[in-house]
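Please look over the chain shown here. A short briefing on its fold and packing comes after it.

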Amino acid sequence: MEYSALEVTSNFSFLRGASHPEELVEKAAALGYTKIAITDKNTLAGIVRAHVATRKHPIKLIPAAKLALLDGPDLLAYPINKNGYGNLAALLSLGNSRAEKGQCHLYQADVWAHCNNLLFIAVAPIALNQDFDFDSDFKNHLSDYKEALGNQLYLSINSSYSGLDQKRMFRIAQLSEQLAIPLVATNDVHYHDAQRRQLQDILTCVREKCTIYNAGYRLHENAERYLKPIEEMQRLFRKYPEAITNANLIAQKCQFSLDELKYIYPEELTSEGRTPQEELIHLTWKGAKEKFGEQIPDKIVNTINYELSFVARKNYAAYFLTVHDFVRFARSRDILCQGRGSAANSVICFCLGITSVNPTEINLLFARFMSDARNEPPDIDVDFEHERREEVMQYIYEKYGRDRAAIVATVTQLHSKGAVRDVGKAMGLSTDTLNILSATVSSHYDEGFDRERLVAYGLNPEDPLLKKTLELTVQMVGFPRQLGQHTGGFIITQGKLTELCPTLNARMENRTCIEWNKDDIEALGFLKVDVLALGMLTCIRKAFTLAKQHYHKDYNLHNIPHKEGNEVYQMISKADTLGVFQIESRAQMSMLPRLKPQKFYDLVIEVAIVRPGPIQGDMVHPYLRRRNGEEAVEYPKKELEEILGKTYGVPLFQEQAMEVAIVAAGFSPTEADELRRSMATFKAVGKVTDFKQKLLNGMAKKGYQPDFAERLFKQIEGFGGYGFPESHAASFALLVYVSSYLKCFYPDVFATALLNSMPMGFYQPAQIVIDAKKHGVTVLPIDINHSTWDNTLETKVNKFYAIRLGFRQAKGLAKEEIERLVVHRKNGYQSLASLRDIGLSQNTLEKLADADAFNSMGMDRRTALWQISALHDRPIALFEGKADNSQHETQITLPLMPPAQHVLHDYAHVGLSLKAHPISFIRRELDLLRVLSTNKANLAKDGERIKVAGLILVRQRPEAQQAAFVLLLLKTKQAFLIW
């Protein structure tokens, strides 16, 4: 007895299906099904997950889709081979290309043009008309379908338990006989188990923007759209046995598997007739001579040969050449870039110029991340200047075309906060109740609801409505809600992308996406390259340009001087890192004096250790105690010392966790890779704990003590919050050092570049300016006759050049108008009329006055605003150039604006003030209230209760902390408050 499910909707038909593809496959296999088709509406987004699930069960997936046509009844489409799959993907891509993201416009003519090697099932309407028959419109369309598709067409028959099943099935059978269209038994499955019917109702309410109380006929009438046992399907269609037979026949004809998709890299990456491997060898040795000289050390030669042979075995040469091509283009346009990732920290990538980190200097071994036993694609992310990354992306599209290059998708999943709001609205809960429920859960993980907090907020956890809401919320967490666009993960192919996967328009202009995310393409062995944006690279490139212009230093990421324990490390150890990449947060600053970095690898540790993963896994304090000699470093076995030696026996990096699982617990490389994926950040549901028993049992078999195994697992479990790979930390550490070097020796250059790269980082312009002044840099105000759009360096004042604030710091100014102002400035502006005559708008002149930019013309902001208001009388046409009426008015002397008002206006219109700190004007009153100054606060004893006052710059409330964090800008320093 056999039956194949051919109409199955997963939750990738957003807000329709109520089960994950994996759940549907698992349930079907448990029921004895041997084949199942996933038929989501106008998409193939969920089929890879279903395909991966079939690898664990004795069941085959039929990749398929439901085509919702704009001019006819729905069709279920099934590819019988690879060509048919390509036609289906191309058809969906065509529909997507006509519509905005999230919609697909398909017509009958499109289907006829792409119907080769596809089978189709026409879906009959759910209801009959008043004559207990189908409308003539459906019959006519069905006749057209038959004429166009011939023997490729079938007609679905299903039992919906609507009360009219027998009449409806009879009419379908009648049509089948009249038009010679074979019947196929389907079940219109929307969930794997009948218990999910309630969740499916909630999804319908969310989609239709109604509540469960007024949804009415928009809901399915019963809970019968679940995967039924084969015996039940046989019973339901006992009058139409041929429908069961035809379902199995279609399943037998559909032999295509996603495993047949073979990813082929582009060929236009080589020169002089070389193969990709030969081209890679040529470029690698050429780069090696540039990096290491003509006499390349034997160790480097051996490493390069090993890596090249590995790449040849895995056929990854074209991948490395593609990344090299992107980097080459960026360098040709003077766009700063830096590679990171497991494969990026190889000697090959160092020689190709993809990364500036020499992996041999910090012992980042290629084999650790890429081995023959682990069949995973290489990982290379390339960061580009955030202001110019789009140039690189458009280069990719221009070179390969939007039919061969696209960005991978991201699947936006419902987290607890979003799920409880959706469910709560559908259940009719009030906004106040929803706010309370949202406040009781974490954003990212399914950690349940805090019963005590619910009671504290006045809710009754035993209330049936609230109880059902929470129950359904737990089911809904992790559901896909929409397809988003990856920040820059590109997939590029030799042939058309539509032969592999449907494409769709991104919301941004001139961009194309595919329907699968990075986990999907990794499961199928497709390679992607991440083209990412990083603000600090923009800052560093601008700093290099300024250093060359003013200090005649031609710096790049490769040639920044480095010496262990130098002034840069001393500055870092003092936590003087405001504005520096990665180590500028208060958490990092509090760690730096304890860690006291003195060499490059210390920065690698610093980047990785102040993360939620290591903190939650209780790795930070053991590491510091062992590093400082306060605690003995012990390794139960020698095998762990080789893995954890550099980090004093504490697993700080994802790669270490994977190696420990393999060596100490007997994980296979594939299982270790699953552990890595479970540690990936930003997941809706953390899954590291799924591996707990296997890890503990494996370590017990190898003789490890239970308490050590438990402690080690707790540390690895912390990576479920956020675990940082060593390969990424090394690349980031280089940028940490470079930005620290610039801040240490060229604070004028660094502050200017930082201001010109805003918005970025943790701090505001006011703090950056105060910090620059603290380091001996003079800062000059915005001025109509001296400033440009960007902040600039002027003449030297003592050791450093003075920073002239640019117009970009003033709020509300348009760059186009400022550029016009600068072009026409020549010998300077002497009057407001001259500014008016070059075409500056009244609004721009007022914004300039608000920014107090007219001091070189002898006017403060109040005087300038007064005189600008008179420009409304501007003579035009025949009277142009003549005196206006304001010349004959009685001149008024305005009272001077008090300094305190000037400072307040500075903060309101520029975001900072060079005149004074706002607190200085109320210092006397604060003293009477016993509010301490910065100097007195520093003298207070530990545990003493004090008062401080300042400007609130940053508010934070981390999910895992029962506390709020506030950063205050005091008169001369900053204060970090916790409560």
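The model is predicted. The chain has 979 residues, and 55% of them count as buried. It holds 41 helices and 19 strands.

**Whole chain**
- The accessible surface comes to about 43,100 Å². Carbon and sulfur atoms supply 50% of that area.
- Among contacts with a separation of 6 or more, 72% join residues 24 or more positions apart.

**Nonpolar cores**
- The largest nonpolar core has 141 residues.
- Leu67, Tyr78, Phe120, Phe320, Ile380, Ile396 and Trp516 have the most contacts inside this core.
- Helix H12, residues 317-332, gives the most to this core, with ten residues.
- A second core is separate and has 105 residues. Tyr763, Tyr801, Tyr829 and Leu912 are included in this second core.

**Strand E8 and its partners**
- Strand E8 spans residues 381-385. Five of its five residues are buried.
- Strand E7, residues 337-340, runs antiparallel to E8, and four bridges join the two.
- Strand E13, residues 529-534, runs parallel to E8, and five bridges join this pair.
- Phe384 of E8 is the bridge partner of Cys337. Phe384 also stands opposite Ala533 in E13.

**Cysteines**
- How many disulfides does the count come to? The count is zero.
- A disulfide needs the two sulfur atoms within 2.5 Å.
- Cys210 has 10% relative accessibility, so this residue counts as buried.
- Cys115 has 9% relative accessibility and therefore counts as buried too. The cut-off for buried is under 20%.

**Asp422**
- Asp422 lies in helix H16, residues 416-426.
- Is Asp422 buried or exposed? Asp422 counts as buried, because its relative accessibility is 13%.
- Leaving aside neighbours within four places in sequence, Asp422 is in contact with Val206, Leu414, Met476 and Arg481.

Conventions. Residues numbered from 1 in each chain as written. Predicted model: local features only at pLDDT ≥ 70, side-chain atom pairs only at ≥ 80, totals over all residues. Heavy atoms only, no water. Buried < 20%, exposed > 50% of the residue type's maximum accessible area, 1.4 Å probe, protein only. Contact = heavy atoms within 4.5 Å. Areas by Shrake-Rupley, 256 points an atom, 1.4 Å probe, with all protein chains shown as cover. Core = buried A, V, L, I, M, F, W, Y, C linked by side-chain atoms within 4.5 Å. Pairing = 2+ DSSP bridges.
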